[in-house]
Amino acid sequence: MAGLYIHVPFCRQACRYCDFYFTVSLKYRDEFVNALLKEISYRKNYIFRDTISTIYLGGGTPSVLSKKQLDRIMGRVIRDYSIDGDAEITIEANPDDLTGESIDFLRGEGFNRLSIGIQSFQEKNLELMRRSHNAKQAKECIGLAQSKGFENISIDLIYGLPGLSLSEWEETVGIAMEQPITHISAYHLTYEPGTVFHHWKKKGRLNEVPEQISIDQYYSLRKLTGEAGFEHYEISNFALEGFRSKHNSTYWTGKKYLGLGPSAHSFNGKERCWNVSSLKQYIEKVNSGEKFTESEILTTKDSYHDYLLTSLRTSDGADTEYIHNHFGEKILTHLIGSAKPFIESEDIILEKGILRMTPGGWLRSDQVIEALMLY
């Protein structure tokens, strides 16, 4: 079983915080789709023709593609790949792209999970981030999606925004909990180089939220989602029982996945592979038959680091027996020794052979995981 990710690099406008690869020029959508169809067919053997258990159209904003373009993509995937009958099939969408007609179409194309880029239910925050929808649309599209038959709806939220108070964040999470959703991905704002927010921060136009406010917002998020029955199963992800993201769990549990489209990443169990991060180069190289990917074979050290980075992000944690069997006694001994200070500081728990981050440990996950690596 493997996952399939398709990166659609188009957005109607640039959000000020986003550092994913995208373009706001929509005129090359047809050329992109034509190239993507070729890649879909060309790379079907990368994951050894495994059955596909999850499909995820992300971006960018896949919902800016036309019905015909989406139909061509899904048709080619179904033609060239073996899709599990119970596959989770997700598409990302912005609220302003979701109408009754478009939602009916997505259901008809086989999508059974909707990931909506809400980010906030408050106008001032949406305007600051330069989102293309308003708070009214954010609420209405969720109810509309449910009424049209979507039973698995995820939303994205962002906290740690400049000027966002704890009470305002709690209001946003409270509104989210009133919606018919099954999953939340909540991310703390980061100021990534190349983004408008990063530029504004350097110029003194924006100031980071004080650390304690960020911590308070994190614990408030955990409290409010927990009271509503959501499990905090990964650093930034919360789900009702039975509604964890199967696709993202593919990444976190080391399963194989194939990424298609510009900037997409793949993993076949032995190597990491990534596509060129340029729409123009992607189209040109795919059409001409030139190489449009780079790859690296993973060493034991690489694989161990990948396992730590992914498993410790989740509530399932890192299995010491797995580490012993796959990486050897020496690496396990290193891990247990390196983890001791963090067990004492209660950032990590070791229980029944499983190393897990505590909620407080997740706040310092980068520092903790780095200390567990091999150098």
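**Exercise 1. In the hairpin of strand 14 and strand 15, find which residue takes a positive phi, and state how many residues lie between the strands.**

Solution. Begin with the hairpin itself, which has two residues between strand 14 and strand 15. Lys 352 takes a positive phi near 55° in this hairpin. The strands here, like the helices later on, are DSSP runs numbered from the N terminus, where a helix (H or I) needs at least four residues and a strand (E) at least two. The model is a predicted one, in which local features need pLDDT of at least 70 and side-chain atom pairs count only at pLDDT 80 or more, while totals for chains, interfaces and linings use all residues. Residues are numbered from 1 along each chain as its sequence is written, and side-chain values use heavy atoms, with hydrogens and water left out.

**Exercise 2. Work out in what order the three strands of the open sheet stand, and which of them are the edge strands.**

Solution. Two strands pair if DSSP finds at least two bridges between them. Strand 14 (residues 348-351) is joined to strand 15 by four bridges, and the two run antiparallel; within this pair, Leu 350 stands opposite Leu 355, and Glu 351 has Ile 354 as its bridge partner. Next, strand 13 (residues 318-319) pairs with strand 15 (residues 354-357) over two bridges, again in the antiparallel sense, and Ala 318 has Leu 355 as its bridge partner. The order is therefore 13-15-14 in an open sheet with antiparallel pairing. Strand 13 and strand 14 are the edge strands, each pairing on one side only.

**Exercise 3. Describe how helix 12 and helix 13 pack, and what classes of residue make their contact.**

Solution. Then list the residues in contact, meaning heavy atoms within 4.5 Å: Thr 320, Ile 323, His 324 and Phe 327 of helix 12 meet Glu 329, Ile 331, Leu 332, Leu 335 and Ile 336 of helix 13. By class, this contact has six nonpolar, two polar and one charged residues, with Ala, Val, Leu, Ile, Met, Phe, Trp, Tyr, Cys and Pro counted as nonpolar, Asp, Glu, Lys and Arg as charged, and the others, Gly among them, as polar.

**Exercise 4. Decide whether helix 1 and helix 2 are roughly parallel or roughly antiparallel.**

Solution. The axes of helix 1 and helix 2 (residues 67-80) come within 10 Å and cross at roughly 5°. Angles under 35 degrees count as roughly parallel, over 145 as roughly antiparallel, 65 to 115 as roughly perpendicular and the rest as oblique. Helix 1 and helix 2 are therefore roughly parallel to each other. Their contact has six nonpolar, three polar and seven charged residues.

**Exercise 5. Identify the strand with which strand 1 pairs, and the sense of the pairing.**

Solution. Strand 1 (residues 2-8) pairs with strand 2 (residues 52-59) in the parallel sense over seven bridges. As an example, the bridge partner of Leu 4 in strand 2 is Ile 55.

Methods: Axes are lines fitted to C-alpha atoms, for helices over the stretch in contact, and angles run from 0 to 180 degrees between N-to-C directions. Buried means under 20% relative accessible area, exposed over 50%, partly exposed in between (1.4 Å probe, protein chains only).
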